[in-house]
Amino acid sequence: MQKLVHVIGAGLAGLAAAVQLQRRGAQVVLHEALPQAGGRCRSYYDATLGATIDSGNHMLLSGNVAALNYVRAIGASDELVGPAQPDYPFVDLATRARWTVRMSPGRLPWWIFDQNARVPNTGPADYLALAPLLFAKPGRSVAQTMRCNGALWDRLLRPLFLAMLNVEPREASAELTGAMVRETLFAGGLACRPLVARHGVGSAFVDPALRLLQHGGAAIRLGSRLQDMMFAAPGTGPSRISALNFADEHVTIEANQAVILAVPPEIAQTLVPGLRAPNRFATTVNVHFAVEPPFGLPPVTGLLNATAQWLFAFEGRLSVTISGAERLLDQPHAELAKTVWAEVAQAASLPLEPMPTWQVTMEKRATFAALPDQETLRPGTRTRWNNLMLAGDWTATGLPATIEGAIRSGQKAADTLLNQPMERR
């Protein structure tokens, strides 16, 4: 008998779970409380800019295997673009120095022996500082595990780690940082090529998935907010979810039916008794400027000694990302935009005046804070109810809160559910 699964939440974790379930023959009902899918990874039209922008500028790496397999499965591989080689251009706004880190494509890091390819003012031995991360102990920070100063740290590692972790890298979980390093820098240059969604994350991750699910017969219910879940009474059989109560619908969960809960942690805790979850969060800020990027500007540029850390060049728009940006939450948007535009103009060799039309977007709770104590609060996929699984980048994926982690969590929830023995009454 075909298993029916209710997936609660249509962010990337929920979409990945739904796609994986459907590919493996399950019947899917996808519920989303909001009028649109995508969660924190969505695209929308901004009237100020007169353009479609993303809720945040997201950069993937070519070593994000789950994310790349997902976009292939939904037929959106051509939506992710980036340089042909694993090159990282940087601009130091304090010294006006410019350089490009050019990683060698193979697994062996030949680039660290080439002074024209490695970080300026570093030598091959400096890169051994990364080795302790491969053996990082749980509960320890990056600063407790490796050297966090010098040219390599300032000019490459800190900007990369900050983008991956969204917290001050020195304070971040060494275990999570090590996992990212193992799958990217230590996997060779072919795993480090930066990728962005050329038409927005909606076109790359969300809309094609919804079309695929609809074509495969999934029921997609937007504006369907789950209010509470009912659990079978103890002693009446296996521990299981027995019903879902939505604002306008009561759904009985029969035998051979199940639930994947792919909602933010604070919502999951209101629905699942006794659930522990991360309780500290980190902010990202994005500033967008309606200006055509100058010819030859790379798709992604690292900024040093600047408010922003990464500059993205899109068609008709320049955007920056500021990670770990809690300090900016109360800063007036106009003041922030003016400061950032001065940095962007310098980095992109554009005139300071006139300042283009701009927009500031803030995600106050963009990710859970990738700190050692928060890592211990992340729950696993399984729950004590055999027909309820958890998904989300905040669950125990072994990675920070990234697109890769979200997609892995959804796929794991789907596979774990379908791989267990069929429920019988």
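**Aromatic contacts in close-up**

**View 1. A charged side chain over the face of Trp 99.** In this predicted model, Arg 155 is placed over the face of Trp 99, at 4.6 Å from the ring centre. Trp 99 also belongs to a cluster that ring pairs form with Tyr 88, Phe 90 and Trp 310.

**View 2. The stacked pair of Tyr 70 and Phe 205**. By the rule applied here, the count of aromatic pairs comes to 10. In one of them, the ring centres of Tyr 70 and Phe 205 are 6.3 Å apart and the planes stand at 10°, under the 30 degrees required, so the pair counts as stacked. Because Tyr 70 belongs to helix α2 (residues 65-73) and Phe 205 to helix α5 (residues 201-215), the pair ties together parts that are 135 residues apart in sequence. Tyr 70 is buried, with a relative accessible area of 1%, and Phe 205 is likewise buried, with a value of 0%.

**View 3. The edge-to-face pair of Tyr 88 and Trp 310**. Here the ring centres lie 6.4 Å apart and the planes of Tyr 88 and Trp 310 meet at 70°, over the 60 degrees required, so the pair is edge-to-face. Since Tyr 88 is found in strand β7 (residues 87-92) and Trp 310 in strand β17 (residues 310-314), this pair ties together parts that are 222 residues apart in sequence. Tyr 88 and Trp 310 are both buried.

**View 4. A charged side chain over the face of Phe 281.** Arg 365 lies over the face of the Phe 281 ring, at 3.9 Å from the ring centre.

Technical notes: Residues are numbered from 1 along each chain as its sequence is written. This is a predicted model: local features need pLDDT of at least 70, side-chain atom pairs count only at pLDDT 80 or more; totals for chains, interfaces and linings use all residues. Side-chain values use heavy atoms; hydrogens and water are left out. Rings of Phe, Tyr and Trp (its six-membered ring) pair if their centres lie within 6.5 Å; planes under 30 degrees apart count as stacked, over 60 as edge-to-face and the rest as tilted. Helices (H or I, at least four residues) and strands (E, at least two) are DSSP runs, numbered from the N terminus. Buried means under 20% relative accessible area, exposed over 50%, partly exposed in between (1.4 Å probe, protein chains only). A charge sits over a ring if NZ of Lys or CZ of Arg is within 6 Å of the ring centre and within 35 degrees of the ring normal.
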